[in-house]
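Open the model in your viewer and keep the selection tool at hand. This tour moves from one selection to the next and says what is there at each stop.

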Amino acid sequence: MTGEPVGLLFDMDGLLIDSEGLWTIAESELMVVLGGEWDASIKPLLIGKHVDQTASVFLELSGSAESPQFVIEFLLRRVAELFHAELPLMPGVAVLLDELGRRGVPMAIVSASPRVLVQAALDDIGADRFVTTVAGDEVSAAKPDPEAYLKAAAALGIDPQRCIVLEDSPTGVRAGQAAGCVVIGVPSVAPIPAGPRTFALDSLEGIDVDWLLALPDQV
């Protein structure tokens with residue numbers, strides 16, 4: 001299979017965009033609204049979660065009688081406001097995407113976030129960089145189910161085993177592994193577990209693109 005195309009499948013929050021701090025602002029505000037107390041131990045429970053799963057965590061921890069829909073609407077509205085105000089890219093992202101683009105590497109975003117937030121983020125990341133984007137509300141099963149990554153690979157027309165998933169959460173890493181992809185974990189909050197065809201990096205800054213694109217032929 002050497003020489004066949006390689007696809008790059010990127011998670012979004014905490015991997016391409018420095019959004020976890022913005023999510024934390026919205027999450028801490030939500031916890032207060034629900035009558036609970038926010039502390040740092042809650043954050044690892046939320047990383048990589050679909051917004052429906054996030055709502056369940058908040059309602060359980062706060063003991064609130066509010067509906068899941070209230071939680072979801074609050075979070076999406078507040079995070080979208082914060083995204084539009086300021087949304088920095090993670091270190092190394094612009095350089096990496098530019099180099100992959102110059103080489104004509106097919107790329108996709110595969111996010112647990114719903115379409116409304118993916119679209120808001122694409123204004124800063126650059127929608128034209130990607131062949132396709134898959135949002136969390138466009139699949140029937142959330143990460144760690146592999147559906148979203150398999151859907152993105154199919155849209156690129158590339159065998160999942162020739163695709164490289166880049167993720168910042170254990171949940172996303174497991175999804176990429178289950179899809180049969182090579183996986184690179186760049187942890188933002190929670191540590192990344194070891195696994196088959198899985199590598200760990202501290203950052204996307206200074207990544208060796210030749211090394212990256214050769215991985216499917218080497219593992």
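Begin inside the protein, where the second largest cavity has a volume of about 60 Å³. A cavity here is a set of points, on a 1 Å grid over the protein atoms alone, where a 1.4 Å probe fits but cannot get out, and lining residues have an atom within 4 Å of a point. Grid points are joined across faces, edges and corners, and a volume is the space filled by probe spheres set on the points. Rolling a probe the size of a water molecule over the atoms shows where empty space is left.

Before going on, note that this is a predicted model, in which local features need pLDDT of at least 70 and side-chain atom pairs count only at pLDDT 80 or more, while totals for chains, interfaces and linings use all residues. Residues are numbered from 1 along each chain as its sequence is written, and side-chain values use heavy atoms, with hydrogens and water left out.

Now select H50, S111, A112, A135, G136, V139, A141, A142, K143 and A148, which together line the second largest cavity. By class, this lining has six nonpolar, three polar and one charged residues, where Ala, Val, Leu, Ile, Met, Phe, Trp, Tyr, Cys and Pro count as nonpolar, Asp, Glu, Lys and Arg as charged, and the others, Gly among them, as polar.

Next, find the largest cavity, which holds about 250 Å³ of space. Select D13, L46, G48, K49 and S113, the closest to its centre of the 22 residues that line the largest cavity. Helices α1 (20-33) and α2 (51-62) each supply at least two residues of this lining; helices (H or I, at least four residues) and strands (E, at least two) are DSSP runs, numbered from the N terminus. The lining of the largest cavity has six nonpolar, seven polar and nine charged residues.

Then colour the chain by its elements: there are eight helices and six strands, and from the N terminus on they run β-α-α-α-α-β-α-β-α-β-α-β-β-α.

Select L9, which is found in strand β1 (residues 7-10). Is L9 buried or exposed? L9 counts as buried because its relative accessibility is 0%, buried meaning under 20% relative accessible area, exposed over 50% and partly exposed in between, with a 1.4 Å probe and protein chains only. Leaving aside residues up to four places away in sequence, L9 touches several others, among them A108, Y149, L156 and C181, where a contact means heavy atoms within 4.5 Å.

Move to helix α7 (residues 170-178), in which P170, T171, G172, V173, A175 and G176 are buried. These buried residues pack against α6 (147-156), β4 (163-167), β5 (182-185) and β6 (198-200). Just after α7, G180 takes a positive phi of about 85°.

Most residues other than glycine have a negative phi, and most peptide bonds are trans. Select P144 in the loop between β3 (132-134) and α6, and look at the peptide bond from K143 to P144, which is cis, with omega near 20°. Lastly, select R197 in the loop between β5 and β6, a residue other than glycine whose phi is positive, near 50°. R197 counts as partly exposed because its relative accessibility is 23%.

Key. On a 1 Å grid over the protein atoms alone, a cavity is a set of points where a 1.4 Å probe fits but cannot get out, and a pocket is an open set with protein on both sides within 12 Å along at least five of seven lines; lining residues have an atom within 4 Å of a point.
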